[in-house]
Amino acid sequence: MTFQNKIAVITGAGGTLCSEIARDLAQNGAKAVLVGRTKEKLDAVASAIRENGGDCMVYPCDVTNQTAVAELAKAVETTYGYCDYLINGAGGNNTKAMPTLTRFDEHELTGDLPEGSRGLFDIDMDAFRSVLDINTMGTVIPIMAFAEHMIHNGGGSIINFASMNSYCPLTRCFAYAMSKAAVVSLTQSFAAYFAPAGIRINAVAPGFMVNERSKAYLGTVEDGLTARGEAVIGHTPMGRFGKAGDLLGCVRWLLDDDASAFVTGITVPVDGGFLTLGGV
């Protein structure tokens, strides 16, 4: 597949997964627009792309800010023209929105939990809302901005980021699971709405992927797993965590207007088989 001279906007481009996607699209001829909150991370990705002869621009932006995203869309149009592809990779979780307990304990109502323990009643609700905001509105706002580009172009392709939590919430991940379930739903509804404009909207649902954060709380197969990591691997038929490169084939397919011309509104798990096991 070649994406020669296609314009691809990638949010969350400073992260492990979307930086790899951005480099791959640029290597295959796309002009990559790298969007994220931290300019230093984006600059590092841009340097790697340019060293390999790719074309890209860096644009720090909060994708939950409608005005900022509108300015981003205008900057892309001015620099490259109308966007062909949008990868909605910005998102995340917040430990303040997560209890440390996996089940209700009556002591959380009396304040008698052990030091360092936190029940659901103790979580930070502002942090909870921030998780919902980045994962849902941080997807919707870029869709609205760049759908206008794609309408002018006569079509385009958008990929959202769902999760294993979209299908079955993991313990402690209340806000994250809610928001990622919403991503599956909004992918379907936006896909139906924009189909007459030739815009296809799909999602990928990565399984447990290796990054520095995952190493801290899951460990690694090679160097040893935490208890939670052992539970994940025991639930993954392929017996390993995913790598960023494992997403590339699926992303290329969903973007390509020939390979997936009749595909819209779906969410594709890229999970090593995690969803095939019921845990029994």
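Me: Which residues does Val-63 touch, not counting residues up to four places away in sequence?
Reply: Val-63 touches Thr-11, Val-35, Val-69, Ala-90, Ile-134, Met-137, Gly-138, Ile-141 and Pro-142; contact means heavy atoms within 4.5 Å. This is a predicted model, in which local features need pLDDT of at least 70 and side-chain atom pairs count only at pLDDT 80 or more, while totals for chains, interfaces and linings use all residues. Residues are numbered from 1 along each chain as its sequence is written, and side-chain values use heavy atoms, with hydrogens and water left out.

Me: Why is Val-63 called buried?
Reply: Val-63 has 5% relative accessibility, and buried means under 20% relative accessible area, exposed over 50%, partly exposed in between (1.4 Å probe, protein chains only). Val-63 therefore counts as buried. Its place is in the loop between strand S3 (55–60) and helix H3 (66–79); helices (H or I, at least four residues) and strands (E, at least two) are DSSP runs, numbered from the N terminus.

Me: Why is Gly-15 called partly exposed?
Reply: Gly-15 has 30% relative accessibility, so it counts as partly exposed. Gly-15 is found in the loop between strand S1 (7–11) and helix H1 (16–27).

Me: How do you know that the buried residues of helix H7 are on the same side?
Reply: The buried residues of H7 (residues 227–234) are Gly-229, Val-232 and Ile-233. They cover an arc of only 95 degrees around the axis, so they lie on the same side of H7; the arc is that of the directions from the helix axis to the C-beta atoms. Helix H6 (212–218) and strand S8 (224–225) are what these buried residues pack against, whereas Ala-227 and Gly-234, on the other side of H7, are exposed.

Me: What makes the pair Asp-55 and Lys-31 a salt bridge?
Reply: The closest N and O atoms of Asp-55 and Lys-31 are 3.4 Å apart, and a salt bridge is a side-chain nitrogen of Lys or Arg within 4 Å of a carboxyl oxygen of Asp or Glu. Asp-55 lies in strand S3 and Lys-31 in strand S2 (residues 31–36), so the pair ties together parts that are 24 residues apart in sequence. The structure holds eight salt bridges.
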